[in-house]
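Please keep the sequence and the model in view while reading.

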Amino acid sequence: MSLKSILTGAVAALGLTTGAYAADVKVGFVYVGPVGDGGWTYEHNKGRLAVEEHFGDKVETIFQESVPEGADSERVMTQMALQGADLIFTTSFGYMDPTINVAAKFPNVKFEHATGYKRSDNVSTYSARFYEGRAIQGHIAGKMTKTNKIGYIGSFPIPEVIRGINSAYIHAKKANPNVEFSIIWAYTWFDPAKEADAAKALIEQGADVILQHTDSTAPQAAAEKAGNVVTFGQASDMAEYGPFPRVSSIIDNWAPYYIARTQAVLDGTWTSIDTWDGIGAGMVGIGEISSAVPADVKAEAEALRDALASGEYHAFTGPINKQDGSVWLAEGETADDGTLAGMNFYVEGLTGDIPQ
Amino acid sequence: MDLSSINPVLLIASLMVSATPIMLAAIGETIVEKAGVLNLGVEGMMITGAVVGFVVGINTGSPMLGFLAAAVASAILSISFGFLTLYLLSNQVATGLGLTLVGLGLSALIGKPYEGMKSTTLDPIEIPILSDIPIVGKMLFAHDPMVYFSIILVGAVWAFLKYSRAGLVLRAVGENHNAAHALGYKVVRIRMLAIMFGGACSGLGGAYISLVRVPQWTEGMTAGAGWIALAIVVFASWKPWRILLGAYLFGGVTVLQLNLQAAGVAIPVEYLSMSPYLITIIVLVFISALGNQGAPASLGRSFHAST
């Protein structure tokens, strides 16, 4: 093993010297799923391609797909750093500790970790306020459900996903006081067969709207097969399932951020920062609300989108109680970013426990 | 908690769908292993079947042709495994793992232009009379043809191994290839045919995922089903009907745990999620504790006529 790592190190060092002529900056991307997942990783890869397009020969990009969260990812990041990457984007929550560990070993390499909260001198974090998009989905879901049962496929019980569930629930409840949420934790970001099974289980139990926080389009296909079930595109537009079952979507738009950060490395102005942008800054896009949505609901949803974008309305505005009935936000109070970033509780009305 | 929201009819119907891919792959692998060959490339052959089935299904508009093409493609892929292990005497474990990696890469390459596309899927066939029986009819007799085919295949494999002369010869090759060779049986040829059958079955299993269960193509979509199929072969002690039992048990627990979650049962989700794997492991331990489980004696050993 040690011989192997020495050899790979040597090969990488050779590659570094010969490759130095090629580009000014080398940018690495670590992906949790395949680039063809049609969702999360697909959009990150679109961001990578945008970087290539924007900088041309000045920047070279490398990526590794389907990297498991955990020890394996540390190996991949180390490999990229040894290959001479100057900037490495690690694009899943589970890469948080590995990113911090590897960054400590390579102080001259800049790291950017998506959706996490741990930073250091050479580790930035960035994320998008997906919960703003969830608010819009919740509203449409509440208006469109006939059975008053909304199914939600969660991936892992992390703040990012819990925020989405809470935001969707609050706004579905406002639109329709009778809604109930059924939540399935899939414990995977990407497993089409399992996602399809989860969607089927929810549909068989009467849910007629499915929200997903997993990365593939399998739940869309399951809903289409079932007939009268509404879905929303997750991370990517998933427009191929529109206008029905997919009635709208959250689109992650990473390209401007990736270009800006690569530019910062080129200019030598890169510093460790925390970015958390929403609809207003364009990091979260709302996919076209399709013709399957009644016109008045569509207008309400668009008004909500614009209010969120302008900052005039916050998706978590009191009064909101926690699940146990204790007060979280008083009338008119809005949630602070610290609480949102570490959100580990359901709001009042949601049933079941968050797996710990 | 609201258990009444779980509809047992739909539950059993979906567990049959969920179990079919692993059952097809496992029954194929049973024949391969009965012939004394350990092919760990099931995952790779399944995903190849998934992509080829999907591509052909889309281009011809006929899912049935898709299944056929998937079986042929995976059988061809398995020939490479057969050639390496039977003629060049390469290590079966390493070659099988290699086959998995090749299959995953190859399928990603073939499938690239087909991401996000939708294929026509198989329509359920309601078996006349039988499907009119209340409850049981909808549960068992209103599936797509591949579900019935997989059950018939299990029965056919069972009858083949138990009653046919060819089945006896196949088992002889798997138990003691030298003795079988001494009796004049073509060990290598028989093993090659078994490997191709296993490949074809894995291909059908994979195509079932991409054409019926999901139905769409995404890279890496089999997500470990091939490994489960391998575990089920051991679980079943190489006995065809137990393959059916094992696959339905695994599929059943998988579907049930999702349904229990959706119904809000107060069991921690972690336990529910691990339950399909946990139950498989527990049963495997029990079976091992019973002693000889009927593993073919020559399993995994290379054969050459000179030895």
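**Salt bridges, a helix and an interface**

In this predicted model, A:Asp337 counts as partly exposed, at 35% relative accessibility. The side chain of A:Asp337 meets that of A:Arg129 in a salt bridge, with an N to O distance of 2.8 Å. A:Asp337 belongs to helix α11 (residues 337-341) of chain A, whereas A:Arg129 sits in the loop between β5 (123-128) and α5 (130-144) of chain A, so the pair ties together parts that are 208 residues apart in sequence. A:Arg129 itself is buried, at 13% relative accessibility.

A second pair in chain A is A:Glu300 and A:Lys143, whose side chains form a salt bridge at 3.9 Å, N to O. Here too distant parts of the chain are linked: A:Glu300 lies in helix α10 (residues 295-310) and A:Lys143 in helix α5, 157 residues apart. A:Glu300 is partly exposed at 31% relative accessibility, and A:Lys143 is partly exposed at 38%. A further salt bridge joins A:Arg305 to A:Asp306, the closest N and O atoms being 3.2 Å apart. Over all chains, a search of the whole structure finds 13 salt bridges.

Helix α9 of chain A covers residues 255-267; its 13 residues reach 18 Å from the first C-alpha to the last, close to the 18 Å expected at 1.5 Å a residue. Buried residues in α9(A) include A:Tyr257, A:Tyr258, A:Ile259 and A:Arg261. After the helix comes A:Gly268, with a positive phi near 75°.

In chain B, B:Trp238 occupies the loop between α10 (225-235) and α11. Is B:Trp238 buried or exposed? The residue has a relative accessible area of 5%, and it counts as buried because this value is under 20%. The side chain of B:Trp238 makes a polar contact of 2.7 Å with that of B:Glu33. The C-alpha atom of B:Trp238 is also 9.4 Å from that of B:Ala26, although the two residues are 212 apart along the chain.

The two chains meet through 31 residues from chain B and 35 residues from chain A. About 2,700 Å² is buried between them, 51% of it from carbon and sulfur atoms. Ten residue pairs are in polar contact across the interface. On the side of chain B that touches chain A, α1 (8-34), α9 (187-213), α11 (240-262) and α12 (269-289) each give two or more residues. Of these, α11(B) gives the most, with six residues. By class, this side has 13 nonpolar, twelve polar and six charged residues. One salt bridge is counted between the chains: A:Asp197 pairs with B:Arg213, the closest N and O atoms being 2.4 Å apart.

Terms used
Residues numbered from 1 in each chain as written. Chains lettered and ligands numbered in written order. Predicted model: local features only at pLDDT ≥ 70, side-chain atom pairs only at ≥ 80, totals over all residues. Heavy atoms only, no water. Contact = heavy atoms within 4.5 Å. Buried area = accessible area lost by both parts, 1.4 Å probe. Salt bridge = Lys/Arg side-chain N within 4 Å of Asp/Glu carboxyl O. Polar contact = N/O pair within 3.5 Å; in protein donor to acceptor, adjacent residues only side chain to side chain. Helix = DSSP H or I, 4+ residues; strand = E, 2+ residues; numbered from the N terminus. Nonpolar A, V, L, I, M, F, W, Y, C, P; charged D, E, K, R; others polar. Expected span 1.5 Å × (residues − 1). Buried < 20%, exposed > 50% of the residue type's maximum accessible area, 1.4 Å probe, protein only.
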